[in-house]
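Work through the exercises below with the sequence and the model in view. Each task is followed by a stepwise solution.

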Amino acid sequence: MKLVILSDTHGNTSAVERVYAEQPDAALYLHAGDVLSDARYLAMLVGVTLNDGEDDEQAARRVIGVPGNSDWPDANQPLARVIAAEGHRILLTHGHSCGVRYETELLARAAADADCDIAVYGHTHIVEITPGTPITVLCPGSAARPRDAYEPSYLTVELTPGQAPDVKLHRMKQF
């Protein structure tokens, strides 16, 4: 199963469109926050409703997003979600509430406490791909405002039951 992870688009719907144009065939898209309306826009492009089917592994396509520190607080939008996909459990959060700017130990602990094997976050705008046992930690960087390179970025992940996630970094050329 193909998963696309993006984050920190900050209202740049062109960045969202570019990611979708490059990866239109994914079964699952995760948006790790900043800005949640961009995740809604992605869901519209995909032809689904944001967070619909969050708990439905059998759904043909899903777009799941969480708010970030640039979003207005909303009690209806939790800061973290757990998603089941291909025998894996993924903790999705923006990460600002877990202190990811400094380290990811608290995030990995939260993922382990939620019985997840993958933790996905944003916030730093810096790519992280840390395979692990038991937790793989992933940050796609920023699809609009990267801090680690000139080119914006996102991740694709192939998920297979019983196997470690196969993660690939994608950089998009600036216009």
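**Exercise 1. Decide which cysteine sulfur is closest to that of Cys 116, and whether the pair is bonded or too far apart.**

Step 1. The closest cysteine sulfur to that of Cys 116 belongs to Cys 98, 12 Å away. A disulfide is a pair of cysteine sulfur atoms within 2.5 Å, so the distance of 12 Å is too far for a bond.

Step 2. By this rule the count of disulfides is zero.

Step 3. Cys 116 has a relative accessibility of 6% and counts as buried; buried means under 20% relative accessible area, exposed over 50%, and partly exposed in between, with a 1.4 Å probe and protein chains only. Cys 98 is buried as well, at 12%.

The model is predicted: local features need pLDDT of at least 70, side-chain atom pairs count only at pLDDT 80 or more, and totals for chains, interfaces and linings use all residues. Residues are numbered from 1 along each chain as its sequence is written, and side-chain values use heavy atoms, with hydrogens and water left out.

**Exercise 2. Describe the surroundings of strand 1 (residues 2-6) and find the strands that pair with it.**

Step 1. Helices (H or I, at least four residues) and strands (E, at least two) are DSSP runs, numbered from the N terminus. Two strands pair if DSSP finds at least two bridges between them.

Step 2. Strand 1 pairs with strand 9 (residues 153-158) in the antiparallel sense over four bridges, and Lys 2 stands opposite Glu 158.

Step 3. Strand 1 also pairs with strand 2 (residues 28-31), in the parallel sense and over four bridges; here Val 4 stands opposite Tyr 29.

Step 4. Five of the five residues of strand 1 are buried, so the strand is largely enclosed by the rest of the structure. Lys 2, Val 4 and Leu 6 lie on one face, Leu 3 and Ile 5 on the other.

**Exercise 3. Identify the residues of the largest nonpolar core that touch the most other members.**

Step 1. A nonpolar core is a set of buried Ala, Val, Leu, Ile, Met, Phe, Trp, Tyr and Cys residues joined through side-chain atoms within 4.5 Å.

Step 2. The largest core has 19 residues, and Val 4, Val 19, Tyr 29, Leu 42 and Val 63 touch the most other members. Strand 1, helix 1 and helix 2 (36-46) each give two or more residues to this core, with helix 2 giving the largest share, five residues.

Step 3. A second, separate core of 17 residues includes Leu 30, Ala 32, Ile 118 and Val 157.

**Exercise 4. Give the strand order of the open sheet of five strands and name its edge strands.**

Step 1. The order is 4-5-6-8-7, with mixed pairing.

Step 2. Strand 4 (80-85) and strand 7 (127-130) are the edges, each pairing on one side only.

Step 3. Strand 7 runs antiparallel to strand 8 (residues 136-140), joined by four bridges. Within that pair, Ile 129 has Leu 138 as its bridge partner.

**Exercise 5. Locate the cis peptide bond between Asp 34 and Val 35, and the positive phi values of His 10 and Glu 86.**

Step 1. The bond from Asp 34 to Val 35 is cis, with omega near 25°. Val 35 is in the loop between strand 2 and helix 2.

Step 2. His 10 has phi near 50° and is found in the loop between strand 1 and helix 1. At 18% relative accessibility, His 10 counts as buried.

Step 3. Glu 86 also has phi near 50°, in the loop between strand 4 and strand 5. Glu 86 is partly exposed, at 31%.
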